[in-house]
Structures are given as structure tokens and as C-alpha cells.
Amino acid sequence: MGRRPRAGVVLAAVVALVAAVVPAASAHEGRAAPKAPATAVLDGAGLQRTKIRLDHGDAGLRHAVAGLTARADGWLDQGPWTVVDKPKPAPGGDVHDYLSQAPYWWPSQPATADNPWGCPYVQRDGQRNPEVDTGTDRQDVEKVFDSSYDLALAWYYTGRKQYARKAADVLRTWFLAPDTRMNPNLDHGQFIPCRYDGRAIGIIDFSQSYTSVLDAVAILDTGAPGWSRTDRTAMRAWNTDFRDWLLNSPFGTEEGAAANNHGTFYDMQLAALAYATGDRDLARRTVLAARSRRIDPQIAADGTQPQELARTRSWHYSTFDLVAYTRLAAIGRHVGVDLWAYRGPDGQSLFKAVGQLLPAATGAAPWPYPELEFHRFAASDVVHAAADAGDRAARAAVPRLEAPPGGDLWALRPAAEQLDSIAG
């Protein structure tokens, strides 16, 4: 697979051109040049260039902006959400503690007065128990993640104040306001009734999407109305506490040792939190360690991911794991680590792993492994990421990708997301 010229060389040329041309245009039109946010996963300078293109009438971006603002408009009359709204507190008794239930565990007995949960619970891999969406914080926190990200991006690209103010309200209510804030721990993530009050595996409830909140905050920090210096300072303190919990708690240690997508997502979340809270050394060490700690044992020489292929949702989990890898590679870009360029002792690489998905992602061939619910679009973002990183096969595949529901927003938020709906 071929590589494009090094991104830094191209970027330097583009930035120089923009610097030479845009100030005069901005002054002529009376518009202040947009700031580049200090995002952890997204490329802040890339967002700035896209915003400049929009301000100068780039017709090719209008459709994507319409899709983004439609999503943002949908959030304006929802929320804010709070961790204290659940019917019962977490097992520890503190209503400010986050609570979620293991998604693939089901009651094995009818519920009775003496056994209201129907215990013992048994595992059905890949089959989501609908009761996990009632009585816990899982659904609400996902709305916090998604809404704050959509709204912050929509404000950045359009300047519409209602988007920024709504995003600020969502974040303050869930994370900062004394009466409604969440404690910065996941001690009760993915509990199993009558079995565990919480599990290390519950960390993935946040590691799937919390990095989008970090980027939303960085975007708001560029001067969004309704997001104050006090908010910024308080959010940084919350993130520092959460980072330290991930590093030092028994659950954090256990999740970091996981040898599948849970371990990859843990690294991605820790590196992003380290970067966002100013610990660039921890961020760099985490990305560097992922080469031998994740890629070498988790990606085979042919690019397959054996731990993910063993699941009943092998397509979902293969694409899902690569969401973490590609986002981790994006964080690496900020701290001088090119994770895309890494080759393991048997030739393992992120490019090979994405290459394994291309036939099914483009519809050229069926996915040859077990999958309960195949969605071709699930791979679209990770293919985009590989294409942007310089892979020729991925670039050739991009026109044949299936757009996810709601449209392809890669041009506005070039960082891989989990595009299919399964959770857990």
C-alpha cells in the first residue's frame, strides 16, 4: 500500500498559503479569522482551514454543514441531562456516581418477590438486554457526548450562538454544577445484578465517546458564548481527576490490561485525557506503548484482529477496535508519534487492518466471519482515516463507501466514530 508525501510537508505549504491569502480576505470582509482549537483527536488546524473555506463560500461543504446543523437543531429542545435523575442511586448509595448495566447479561429466572431481578444472570454475547436502557445513566450520558460534540462543531462552523450556549448548558449540568454533577469515576459501570456492583469493563462506556467531549470543550474554549473561563477551569479539573482515576484505580489498571478493543479504547481515552489536561509526556508514552502493547499482539500479520473475529459481532468489533486505533493515531499526531507508520515484527499495521475491511466496506465481497447484524457503513470512517493517512487502497475505496445514517460528515469532523448502533 502506497503512502502520500509526508503530511507535515503538505500541511506547512497549505498553512503558508492560507496565511498569505486569508488575512487580506478576512480584513476585506470584516470577519475575524477563526481560532484553531486545541483538540485532542480532531486536527484543530484542519478545522480552522475548513472554517476558512466555509467563510469564503466553499460550495462543496454546504451539504455537510446542512447535515451537521440538522443534527445540532435536533438537540436544542432536548436535555440537559444529569446523573442524579436515575430512579435509584448506584450500589454505593451516591446518586452522583455513574451507573450502567452490562448489556449482554440476561436474567435466567422469572422475576418474583423473592428474586426481583430474575437472578442469576447469564451472558448472551452480542444480544443486548433492553433493560440496560432503563434505570441507569447509560442512555443519558451518550446524549451528553453526542449533543455536546454536534453543537460545538455546529457553533464553530456557523457562529450561531444558540449552539454554543446549549452545548455549555449540557456540559455544565452533567459535569460541573454541584447539584447535578457526576463524580469523576466509573466505579459502577456495567454492573450485573446480584453479581457485581461494577466492573472494569464498564470503563468502555466512556472510552467509546468521551474523547468527543474533550474535543467539544476545546472547540468551546476558542471563545464560545456561554462558556466562561470558570467553566473552562472547572472542566479541566474534572478531566484531571478522571484521568488520575483511570491511571490509579483498580478498575483502570484492569481495563488497561485488556487484550482486545477494551484495552485499545482505554489507551485512546487515557492519551486524549493526558493531552487535554496538559500532560503531553503521558500522552506520548501511551501512544508509543500501543505499538508493542496493542498492535503487535492484537493485529495479525494478515491484518485481521483475532480477538474481535471471535465475537458474534465480528464485523462490528473489527471496525469498532479500529475506531480506537485511528483516533489514537490522531492523538499521536499531536505528540510526535506516527502510529500509521508503525510495522510490527510480523508486518502488522493499521493499514493492513483497514485493508482487511475494504472488500466488505465497498460491497465488493461479503464479510466472511460471523456477524449478527451487518452494517456496511460501520467501516466508512476508519477507511476515511486510512485514506487521509496516505493509503492508496483506502483512497480508492472512499467513493464506494456506504454513507452512515444522517450522511457523511467526514469533511467537517475528520475523526472516526462508531457509526453502527450496538453498544457495550
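Against which helices do the buried residues of helix 3 pack? In this predicted model, the buried residues of helix 3 pack against helix 2 (44–55), helix 4 (138–158) and helix 5. The residues concerned are Ala64, Val65, Gly67, Leu68, Thr69, Ala72 and Trp75, which are buried in helix 3. In an α-helix there are 3.6 residues a turn, so residues three or four places apart point the same way. The length of helix 3 was also examined. Helix 3 covers residues 62–75, and at 1.5 Å a residue its 14 residues should span 20 Å. The C-alpha atoms at its ends are 20 Å apart, which agrees with that value.

Helix 2 contains Lys51. With a relative accessible area of 11%, Lys51 is buried, because a residue under 20% counts as such. When residues up to four places away in sequence are left out, Lys51 touches Pro34, Tyr156, Tyr157 and Thr158.

The structure contains 1 disulfide. This bond is formed by Cys119 and Cys194, whose sulfur atoms lie 2.0 Å apart. Cys119 is in the loop between strand 1 (105–107) and strand 2 (121–123), and Cys194 is in the loop between helix 5 (161–176) and helix 6 (204–207), so the pair ties together parts that are 75 residues apart in sequence. The torsion about the S-S bond is about 75°, and the disulfide is therefore right-handed. Cys119 has a relative accessible area of 12% and is buried, whereas Cys194, at 59% relative accessibility, counts as exposed.

Definitions and conventions: Residues are numbered from 1 along each chain as its sequence is written. This is a predicted model: local features need pLDDT of at least 70, side-chain atom pairs count only at pLDDT 80 or more; totals for chains, interfaces and linings use all residues. Side-chain values use heavy atoms; hydrogens and water are left out. A disulfide is a pair of cysteine sulfur atoms within 2.5 Å. Helices (H or I, at least four residues) and strands (E, at least two) are DSSP runs, numbered from the N terminus. Buried means under 20% relative accessible area, exposed over 50%, partly exposed in between (1.4 Å probe, protein chains only). The expected span of a helix is 1.5 Å times one less than its number of residues. Contact means heavy atoms within 4.5 Å.
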